[in-house]
Amino acid sequence: MSLLEVKGLVKKFPIRKGFFNRVVAHVNAVNGVDLRIEEGEKVGLVGESGCGKSTLGKTIARLWEPTDGEIVFKGNNISSKSMSEMKPHRKELQIVFQDPYGSLNPKLTVFQTLAEPLKLHKIVTGGRDELRKAVEKLLDTVGMPAGAIDKYPHEFSGGQRQRVGVARAIATNPDLVIADEPVSALDVSVQAQILNLLDDLVDEQGVAFLFISHDLKVVHHFCDRIMVMYLGFVVETLPSDELHEKASHPYTKALLDAIPVDNPLEKRKRNLLEGDVPSPINLPSGCPFHTRCPIAEDRCKQERPVLRKLADGHEVACHLVD
Amino acid sequence: MSLLQVKDLVTEFKTDQGVVRALRGISFDIKAGETVGLVGESGCGKSVSARSIMRLIPNPPGKISEGEIIFDGKDVLKMSEKEMRAIRGNKISMIFQDPMTSLNPVLRIDYQLEEVLALHQPNLSKAERRQVALDMMKKVKIPSPEQRLREYPHQLSGGMRQRVMIAIALACRPTLLLADEPTTALDVTVQAQILNLMAELREDIGTAILLITHDLGVVAEVCDRVMVMYLGEVVESGPVEQIFANPQHPYTISLMKSIPKITASRKSGERLDTIRGVVPSLHNVPKGCSFRERCDFAKEVCDTDHPELKETTNGTCYRCFFPQGQS
């Protein structure tokens, strides 16, 4: 049994307009995504802004209500559970947010922030001393000095705040952490520190990660498996080790091509994508990528490709790839 | 002769905790038509450098207290505000990081593009301005430019807004373009489009570019020379080929190593090289070498003496007592 199994997940946001607030259209953020995460696995979700990767993460964590589809977490279908029924599952499924400035309550000290999940989920039942000890241990795990315990978020740098965010997520000993762009707001040297910290957590506590990022380099480094999303569809999924040589969807290739290479001697012929991502309100017919695809044919405008297996662990949604 | 020469520039800001020196004596020059990259992490003074050249440092609290900025043979710091206005947007223009907020949301694109022409080229008629605006929109490859000119910024995507910003910046064919993180807010595929566009326009107009970024990949791809900044100082500079092939300063080396790379030989759970600690506060800059506390190669002398920029035989400079590259 997989730790997390998502089947046909759909999330639409209604657009309301007019006097009666009628629903006039939908933003099709996530359009039928299947996903499976095993215990201790690091799965990366990559794509450009607006491709639905954050919505997918938040819907799995039930911060959004799914429009359709199933979310099976540790054998329980949590897709339609009420908020109170969700509580025991939240302990096992935590989330780290992108913005280390906005995701911590500025009026709470680190102790208050980190003690809250411990009390709420009855992980520490003793008094204040016991709580303080548990929080100190958490701070130590994420590489923060014990002296940080009574400080407020504004006293820390971005990287330190993100460490507190990570500490809060792992306070309840979760099995799965959804990390939504956890390093995007950080400088590269700090980014490397946080990535190493997350790797330690995987090694020591066996936490599984759904790692959401727009940065293919970071996802490739951290994750075992990569899922590439475009306009709410998964267009390719493959092991990280094969990204460099076996990426086959034209969009994945374009993403790889667009990354600047830090070697000035390597003058490459790049295949650049034209134009912008289409609006998720009016999805293109057929393949969602056909409007920008360099190899699109007539067929791509009519038939929507589904994910099919190319090799073990490698699936692609494209008519034209063998 | 260099187009722009910056000499020992010091920019200070008054804060509640005392005066901080955001730029601690930086010197560099840019030749006509050249692209120079300025890299470093947040707070190292990259943006303050560009804003100092444009004299856009708000005073108070900021002040350019020492140094010279020679542009086209004249010291920018000695110019009157009126002379400065004739240069801004005309001979030197600037592109900012955030294409969402750097355009005025309540004015149409055509107004914003033609405004710069009306200011700096008053002899153009209205029809001529319109024509130049349209040409610029075509040059930055905005689809259906006639229609887009009549639209408002919110109707354009992020990539298109940045194209409009570039069109405005280049409308008067400036000799120097200061680009402050022009692609940071954009997706990689759009970033690649914008970088290509900037390279094409450089060929076309011959503008020199000071490209500020934190992304070493971007530098490697488009720049001729690069300067690495740390805590308000240039710690290493030189031609990109040399700096990337053989960096000398431990900070440059660590910075390059801390970026994950996409290679076939990936190992799961492999650690990235990090730089320990955090950037020191500008309020108490360490005595001696400013990178000392985070450096693996520091010795006693680094505590007490401030390293000067040293030149190497292949045209690079570094500020370190114990350079780690091959000599």
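In which sense, left-handed or right-handed, do helix 5 of chain A and helix 6 of chain A cross? In this predicted model, the crossing of the two helices is right-handed. The axes of helix 5 (residues 158-170) and helix 6 of chain A come within 10 Å and cross at roughly 20°. Because angles under 35 degrees count as roughly parallel, helix 5 of chain A is roughly parallel to helix 6 of chain A. On the side of helix 5, the contact is made by Gly158(A), Gly159(A), Gln162(A), Arg163(A), Val166(A) and Ile170(A). Helix 6 of chain A contributes Val190(A), Gln193(A), Ile194(A), Leu197(A), Leu201(A) and Gln205(A). By class, the residues of this contact comprise six nonpolar, five polar and one charged.

Helix 6 of chain A also takes part in the contact between the chains. There, 41 residues of chain A are in contact with 40 residues of chain B. At least two residues of the side of chain A that touches chain B are supplied by each of helix 6 (188-205), helix 7 (216-222), helix 8 (243-246) and helix 9 (250-258) of chain A. The largest share, nine residues, comes from helix 6 of chain A. The side of chain A that touches chain B consists of 18 nonpolar, twelve polar and eleven charged residues.

Phe111(A), Leu114(A), Ala115(A) and Leu118(A) of helix 3 meet Leu131(A), Arg132(A), Ala134(A), Val135(A) and Leu138(A) of helix 4. Eight of the residues in the contact of helix 3 with helix 4 are nonpolar, none is polar and one is charged.

Turning to the strands, an open sheet of mixed pairing is formed in chain A by eight strands in the order 6-7-8-3-9-10-12-11. Strand 6 (93-96) and strand 11 (308-311) of chain A stand at the edges; each has a single partner strand, so one side of each is left without a neighbour in the sheet. From one strand to the next, the twist averages 20°.

Five of the five residues of strand 7 (residues 176-180) of chain A are buried. Leu176(A), Ile178(A) and Asp180(A) are buried on one side of strand 7, and Val177(A) and Ala179(A) on the other, so both faces are covered. Strand 11 of chain A pairs in the antiparallel sense with strand 12 (residues 314-316) of chain A over three bridges, and Lys309(A) stands opposite Glu315(A) in strand 12.

Another open sheet in chain A has four strands in the order 2-1-4-5, with antiparallel pairing. Its edges are strand 2 (22-37) and strand 5 (76-77) of chain A, each with a single partner strand, so one side of each is left without a neighbour in the sheet. Strand 1 (residues 4-17) and strand 2 of chain A run antiparallel and are joined by twelve bridges. Leu4(A) stands opposite Ile37(A) in strand 2 of chain A.

Methods:
Residues numbered from 1 in each chain as written. Chains lettered and ligands numbered in written order. Predicted model: local features only at pLDDT ≥ 70, side-chain atom pairs only at ≥ 80, totals over all residues. Contact = placed C-beta atoms within 7 Å. Nonpolar A, V, L, I, M, F, W, Y, C, P; charged D, E, K, R; others polar. Pairing = 2+ DSSP bridges. Axes fitted to C-alpha atoms, helices over the stretch in contact; angles between N-to-C directions. Parallel < 35°, antiparallel > 145°, perpendicular 65-115°, else oblique. Left-handed = near helix turned anticlockwise from the far one by under 90°. Buried ≥ 20, exposed ≤ 12 C-beta atoms within 10 Å, placed from the backbone.
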